[in-house]
Amino acid sequence: MMSEWLNIPMWEYVLAGVLAVLFIYQVYFYARYIGKVGRGKGACAAQPEATPATADMPGVSVIVSARNEEDNLTNYLQQLLEQDYPKFEVIVVNDGSEDRTQMVLEEYRLKYTNLHVTFVPTEARVTSSKKLALTLAVKAANYEYLLLTDADCVPESNQWIKCMMAPIADKNEKQIVLGYSPYFPEKTAVNEVIRFDTLFTGLHYMGRAMAGHPYMGVGRNMLYRRSMFMAQKGFAGLLMMRSGDDDLFVNKVATHKNVAVSCSPDALCWSVPKRTYTEWLMQKRRHLSVSPHYKQSTRMMLGIEPLTRGLWYMALIVCFVWGTAWLSLVAWVLFVVRLLMQVGIMNHTARKLGEQTFGLEVLWYDMCLPVLTAYLLSTQPKHPAKW
C-alpha cells in the first residue's frame, strides 16, 4: 500500500493541493458573500413589512428618468404613486421622449398631487442625458432621501418605500441603501440566463456591502441622501461616460460605514427584461463599459473570484483527463460538493427574495458567463462614452 502511494507522481500531489485551495476559496466566497443575503437576521429578514406609518417618518423623493416610456409608465407608474408612506413624492424627468410619454404624465398629474414632472431641455448637449435628468430631479426634490428606480420597474408591494427606508430609521449614519431589482420571469432560455446573471450579481454586491465591502449599486432600486449627492458635486468626474450613474457613483462614495442593504421581499423592484440575446448582450456590454473606471482595489477584488473559478475548472479537467484513479475521485468529490453548495445557497436566497430557483443548469452558467464577460470586456470600444 505504501509503495503505491510512493509511486504516485509528485505533480498529482501538487495538483490535488491546488484543487483543494481553489475549493476552499470558492466555499469561502459563497458562504461569506453570496449566502449572506439569505441568512436571517443579518439579511434584513427581520424588517417589519407592515410597520404602521407615522407622520414623523422622513420624506422621500422617488426619482424616475423616462425616455420613450409611454407603455411602461402606463403600466407601472401608479404603483409608485400609491405607496403606503406618509410623506413622499414621485419626480419623473421626461428625457427627450418622442412618443406619448408627456401626455401619459399629464394624465397622471391630474389624478395624483404627489407627482411632479420635469424635463431635460432639448437643446442640452451632454454625453449622458440620464445623469443630467437625475441631477435635475435631485435639485427639484423636496425631501432629503432620494429613491431611484426606472420607468420599466414596479415595486413588489406598496411597502417598498417603507422597506427601503428601514435601514435609515435603524441607523441614521447610513447614507446609501442598496436594494435588489430582479427581472420578470418568462419561459424563454434568454430570460433564464438574464435572471441567473442578475441574481448572482445582486447577491454579490449586496453580500459584499453587508460584509462591509460595498462596491456598486443598481439604479433600478437604490436610495441615498440628497445632501451626500450635493456634497459629492453630483456626478462630477463621471459625466464623460454614458453609463455609471449608479454603480460608478456608489463605487466612488461608498464606505464600510455609510451603506446598508434592504433585501426584504417587499423591498424588491421588478424590472422588464430584454427579450433577445442581442439586446441583452448590448445591455451587458454597456454596463461593463464603466468597470475599468472602478477603484483599483475594486477591480482587483472583482477579478479574484472569476480567476479562481477558471483555474478551478481547468484543474478539474486535468484531474479527470490525466489524473490517476485516486486524483479523479478527489476531483469528483470536490466538484459535486461545490456544485451542491452553490445550487443550495443560491436557491435558498432566491426563495427568500421571491425569485424562481435554478437546477443543474447553474453549472453551465457558472462556466460560460465569466468567459462571456471576459470576451465583452476585451472587445469594448476605445471610447465607451459613445455607448
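What share of the contacts in the chain with a separation of 6 or more comes from residues 24 or more positions apart? The figure is 83%, and the views below take a closer look at a few places in this predicted model.

**View 1. The whole chain, before zooming in.** Start with the tally: 13 helices and nine strands in the chain. There are 387 residues here, and buried ones make up 52% of them. As for the surface, the chain exposes about 18,200 Å², with carbon and sulfur atoms supplying 61% of that area.

**View 2. The seven-stranded sheet.** Follow the strands across and you get β3-β2-β1-β4-β7-β6-β8, an open sheet with mixed pairing. The edges belong to β3 (115–119) and β8 (259–261), each of which pairs on one side only. Going from strand to neighbouring strand, the average turn is 20°, direction ignored.

**View 3. Strand β7 and its two partners.** On one side, β7 pairs with β4 in the antiparallel sense, over four bridges. Look for Leu147 here: its bridge partner in β7 is Leu223. Strand β6 (residues 176–178) also pairs with β7 (residues 222–225) in the antiparallel sense, this time over three bridges. In that pairing, Ile176 has Tyr224 of β7 as its bridge partner. Which side chains of β7 go which way? Met222 and Tyr224 point one way, while Leu223 and Arg225 point the other way. All of these residues, Arg225 included, are buried.

**View 4. Asn72, a buried residue of α3.** Asn72 is found in helix α3, which spans residues 70–81. Buried or exposed? Asn72 counts as buried because its relative accessibility is 18%, and the cut-off for buried is under 20%. Leaving aside residues up to four places away in sequence, Asn72 touches Leu77, Ala151, Asp152 and Val272.

**View 5. Phe88 in strand β2.** Move over to β2 and find Phe88 in that strand. At 11% relative accessibility, Phe88 is another residue that counts as buried. Its contacts, again without residues up to four places away in sequence, are Val60, Leu80, Leu81, Glu82, Gln83, Asn114, Tyr143 and Ile161. For a sense of distance, take Leu146: Phe88 and Leu146 are 58 residues apart in sequence, but their C-alpha atoms are 9.8 Å apart in space.

View 6. Asn68 has its place in the loop between β1 and α3. Check its backbone: phi is positive, about 55°, although Asn68 is not a glycine. Its relative accessibility is 37%, so Asn68 counts as partly exposed. Thr101 sits in helix α4 (residues 101–111) and counts as buried, with 0% relative accessibility.

**View 7. Helix α2 packed against helix α7.** Two packed helices are described by the angle between their axes and the distance between the axes. For α2 (residues 10–34) and α7, the angle is about 75° and the axes are 8 Å apart. That angle makes α2 roughly perpendicular to α7. On the α2 side, the contact is made by Tyr25, Phe29, Tyr30, Tyr33 and Ile34. On the α7 side, look for Phe200, Leu203, His204, Gly207 and Arg208. Sorted by class, this contact has seven nonpolar, two polar and one charged residues.

Conventions. Residues are numbered from 1 along each chain as its sequence is written. This is a predicted model: local features need pLDDT of at least 70, side-chain atom pairs count only at pLDDT 80 or more; totals for chains, interfaces and linings use all residues. Side-chain values use heavy atoms; hydrogens and water are left out. Helices (H or I, at least four residues) and strands (E, at least two) are DSSP runs, numbered from the N terminus. Buried means under 20% relative accessible area, exposed over 50%, partly exposed in between (1.4 Å probe, protein chains only). Contact means heavy atoms within 4.5 Å. Two strands pair if DSSP finds at least two bridges between them. Axes are lines fitted to C-alpha atoms, for helices over the stretch in contact, and angles run from 0 to 180 degrees between N-to-C directions. Angles under 35 degrees count as roughly parallel, over 145 as roughly antiparallel, 65 to 115 as roughly perpendicular and the rest as oblique. Ala, Val, Leu, Ile, Met, Phe, Trp, Tyr, Cys and Pro count as nonpolar, Asp, Glu, Lys and Arg as charged, and the others, Gly among them, as polar. Accessible areas come from the Shrake-Rupley method with a 1.4 Å probe; for residues, only the protein chains shown count as cover.
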